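Trainee: I have a new model open and would like to learn how to read it. Could you take me through a few features?

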Amino acid sequence: MPDDPIIKVRNLTNQFGKTVVHQNLDLDVMRGEVLGVVGASGSGKSVLLRTIVGLQKPSVGQITVLGTDVLTADPARLNAVVNRWGVMFQDGALFSSLTVRENVEAPMRERLNVDPATRTALADLRIAMVGLKQSAGDLYPSDLSGGMRKRAGLARALSMDPEILFLDEPTAGLDPIGASDFDALIKALQQAMGLTIFLVTHDLDTLHATCDRVAVLADRKVLVTGTMAELRRVDHPWVHDYFNGPRAHAAQPGTPPPSQKDLT
Ligand SMILES: Nc1ncnc2c1ncn2[C@@H]1O[C@H](COP(=O)(O)OP(=O)(O)OP(=O)(O)O)[C@@H](O)[C@H]1O
């Protein structure tokens, strides 16, 4: 069924001690869309991502990804699904003792039965796809700028040619030009590869540049999901302030730059 969600979360509860982060949370991600996930700091965006990709066991709930219940699947079935997604963590989470190329090869080495030369060629292709020079493949993470590290993390997330990409704060720590270059890269790769993207961010420019829909986490659940235009009309204090505040206006395409008067 083409309209079946590629990721379906139902009745999810995550609790740490007495802190309830999610309660009865539901979320659908449709195939081929870029879904942005926003919410106040501590609202549980990263915990949600980590729960969907299996790094965090929820207290209660069902999570179906690509038709597989990832909380109850047997190891072989789960492995088959894990092979079809890639994750880029906020800091890139690169292995510091491996070169960029070896980092990109790492998931293939673990999960794909190909000869070393093919693996290296596939890694070099991923390195090129994220806009890094081939020579960057020989560098270690400590030799990279913040922007290069993000790109290397993205290349590794693309290692297995995934259908779904999970991105946690992809533009955090980048300067505005680096961030908008990265947004454009994400969008171009999504279109070229037909990716579905689950994207956690605080960055309004990223939402405008990349997302088809945005899910807002508040009050321990997905409070509302919609396009940016729809969310601007939502009557909830946090949602209203986030999507209508000065930063939101600045990020909106077509908004005129501030006049000289505004700057003084
Ligand atoms: N392993 C853990 N043990 C205990 N509490 C945790 C754990 N992981 C997350 N939390 C708590 O869960 C809540 C949500 O954390 P999470 O990192 O998902 O928030 P977030 O929305 O991604 O925040 P930010 O925008 O600041 O990154 C926080 O209160 C955090 O302290």
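Predicted model: local features only at pLDDT ≥ 70, side-chain atom pairs only at ≥ 80, totals over all residues.

Trainee: Which domains does the domain assignment give?

Mentor: Domain bounds come from an automatic or database domain assignment. Here the assignment gives domain 1 (5-84 + 163-251) and domain 2 (94-161). Their C-alpha centres lie 25 Å apart. Nine residues from domain 1 and nine residues from domain 2 take part in the contact, where two residues are in contact if their C-beta atoms, placed from the backbone, lie within 7 Å. On the side of domain 1 that touches domain 2, helix H6 (residues 176-193) gives the most, with four residues. That side has six nonpolar, three polar and no charged residues. As for the classes, Ala, Val, Leu, Ile, Met, Phe, Trp, Tyr, Cys and Pro count as nonpolar, Asp, Glu, Lys and Arg as charged, and the others, Gly among them, as polar.

Trainee: At what angle do the axes of H3 and H4 cross?

Mentor: Axes are lines fitted to C-alpha atoms, for helices over the stretch in contact, and angles run from 0 to 180 degrees between N-to-C directions. The axes of H3 (residues 100-111) and H4 (residues 116-129) cross at roughly 120 degrees and come within 9 Å. That makes H3 oblique to H4; angles under 35 degrees count as roughly parallel, over 145 as roughly antiparallel, 65 to 115 as roughly perpendicular and the rest as oblique. Residues of H3 including Val104 and Met108 meet residues of H4, among them Leu122 and Ile127. By class, this contact of H3 with H4 has six nonpolar, one polar and six charged residues.

Trainee: And how far apart are the axes of H3 and H5?

Mentor: The axes of H3 and H5 are 8 Å apart, and the two helices pack at an angle of about 30 degrees. That makes H3 roughly parallel to H5. Val100, Asn103, Val104, Ala106 and Pro107 of H3 make the contact with Ala152, Ala155 and Arg156 of H5. By class, the contact of H3 with H5 has six nonpolar, one polar and one charged residues.

Trainee: Which residues in H3 are buried?

Mentor: A residue is buried if 20 or more other C-beta atoms lie within 10 Å of its own, exposed if 12 or fewer, and partly exposed in between. In H3, the buried residues are Val100, Arg101, Asn103, Val104, Glu105, Pro107 and Met108. They pack against H4 and helix H5 (146-157).

Trainee: Where is Asn83?

Mentor: Asn83 sits in the loop between helix H2 (75-82) and strand S6 (85-88). Asn83 counts as partly exposed because it has 16 C-beta neighbours inside 10 Å. Not counting residues up to four places away in sequence, Asn83 touches Arg111 and Met160.

Trainee: What is the phi of Leu66?

Mentor: Leu66 has a positive phi of about 50 degrees, although it is not a glycine. Leu66 lies in the loop between strand S4 (60-65) and strand S5 (68-69). Asp161 is not a glycine either, and has a positive phi of about 55 degrees. The loop between H5 and strand S7 (164-168) holds Asp161.

How values were computed. Residues numbered from 1 in each chain as written.
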